[in-house]
Amino acid sequence: MPFLKGHGTENDFVIIPDPDGTLDLSAAAVARLCDRRAGIGGDGLLRVVRSAAHPEARPMAGEAEWFMDYRNADGSVAEMCGNGVRVFARHLQRAGLAGAGDLAVATRAGVRRVRLAVDGGVTVHMGAAKLPGGTGTDVTVTVGERSWPALHVDMGNPHAVAFVGDLAHAGDLTTAPAVAPATAYPEGVNVEFVVGRGPRHVALRVHERGSGETRSCGTGACAVMVAAARRDGADPAADGAPVTYTVDVPGGRLVITEHPDGGIEMTGPAVIVAEGVIDPALLAVS
Ligand SMILES: N[C@@H](CCC[C@H](N)C(=O)O)C(=O)O
């Protein structure tokens, strides 16, 4: 079985081409592939399937030829991956499966449009953020003895964004931070810890649902950008003007713009680093 390995700001993925959707990748098999010692290693897995060949994507097949079947490192399914969709588009371009210009990718959160620039940067139209609890900090994030008010942001997948005094206060993040009330996130949550770096410039650490602490999270960076903008009193819908933030992540930098219509654009790198063949014995796990 062929595979590739890629990353976007060091959020890394095993990529499995499966154009006709014939692979039955169990959660255990995905977890084995993502295992950094017993497998290939990755924060997640991108299965590359023709939309027409996947029941969840078939309704989007007219708009987007390819479906990103995203899985977290523990094998769980997620709706969307902002770094993953850039890497997915890079793979399609490199494999000659997508032409120049804009490319539409089907995801569980809907179709996302991606633009691959000649300088290597990749821009994704991430859709609009939803704030289920409004702009008030409606949830609480706790690590050890420290708690912070946090903002619930939905980027197609769920996030809790907490502004902290120091990124080190998040601790070693070897276990998931507690988020209350748990009823706010029936499907689990990705948690971002944020500090300011300067005007329209923030830095984050993230603990991802299903993957643990990662070096970057694209949807998380967009959630952080919106939370930071509201905190700074910027709201493009009300102001009638876009606002752009630089978001530093442990693995690099993302530039994110929110437009007056609510649409969010994220630009960052996407790199394929290796390709090879998987021993079928690796997948013989239940
Ligand atoms: N790293 C991703 C997000 C992947 C999914 C997330 N762990 C979830 O379960 O929602 C990104 O770049 O957005």
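## Start with what "buried" means

Here, a residue counts as buried when its relative accessible area is under 20%, as exposed when that value is over 50%, and as partly exposed in between. Keep that in mind as we go through this structure, which is a predicted model.

## The rest of helix α2

Helix α2 runs over residues 82-94. From its first C-alpha to its last it reaches 19 Å, close to the 18 Å expected at 1.5 Å a residue. As a rule, an α-helix has 3.6 residues a turn, so residues three or four places apart point the same way.

And what comes after α2? The helix is followed by G96, a residue with a positive phi, near 75 degrees.

How many disulfides does a search of the whole structure find? The count is 0. To qualify, two cysteine sulfur atoms would have to be within 2.5 Å of each other.

Take C34 to begin with. Its sulfur has its closest cysteine sulfur in C81, and because the two are 11 Å apart, they are too far for a bond. C217 also has its closest cysteine sulfur in C81, at 6.7 Å, and that is too far for a bond as well.

Are these two cysteines buried or exposed? C34 has a relative accessibility of 4%, so it counts as buried. C217 is buried too, with a relative accessible area of 4%.

## Charged partners

In general, side chains of opposite charge can pair when their charged atoms come close. Searching the whole structure for salt bridges turns up 17 of them.

One of them joins R230 and E258, whose side chains meet at 2.8 Å, N to O. This pair links distant parts of the chain: R230 sits in helix α3 (residues 218-231) and E258 in strand β16 (residues 252-258), 28 residues apart. E258 has a relative accessibility of 5%, so it counts as buried.

Another salt bridge is formed by D12 and K5, with their closest N and O atoms 3.1 Å apart. Both D12 and K5 are buried. Then there is D248, which forms a salt bridge with R253; here the closest N and O atoms are 2.7 Å apart.

D18, R47, E56, D69, R71 and R108 are linked in a network of salt bridges.

## Around the ligand

Now for the ligand. Which residues are closest to it? Of the 15 residues that surround the ligand, the closest are N11, G82, R209, G218 and T219.

N11 has a polar side-chain atom 2.7 Å from a ligand nitrogen atom. In N157, an N or O atom of the side chain is 2.9 Å from an oxygen atom of the ligand. N190 places a polar side-chain atom 2.9 Å from an oxygen atom of the ligand. Taken alone, the ligand exposes 360 Å², and the protein buries 100% of that.

Technical notes. Residues are numbered from 1 along each chain as its sequence is written. This is a predicted model: local features need pLDDT of at least 70, side-chain atom pairs count only at pLDDT 80 or more; totals for chains, interfaces and linings use all residues. Side-chain values use heavy atoms; hydrogens and water are left out. Buried means under 20% relative accessible area, exposed over 50%, partly exposed in between (1.4 Å probe, protein chains only). Helices (H or I, at least four residues) and strands (E, at least two) are DSSP runs, numbered from the N terminus. The expected span of a helix is 1.5 Å times one less than its number of residues. A salt bridge is a side-chain nitrogen of Lys or Arg within 4 Å of a carboxyl oxygen of Asp or Glu. A residue is near a molecule or strand if one of its heavy atoms lies within 4 Å of it. A polar contact is a pair of N or O atoms within 3.5 Å; within protein, one must be able to donate a hydrogen and the other to accept it, and residues adjacent in sequence count only if both atoms are side-chain atoms. Accessible areas come from the Shrake-Rupley method with a 1.4 Å probe; for residues, only the protein chains shown count as cover.
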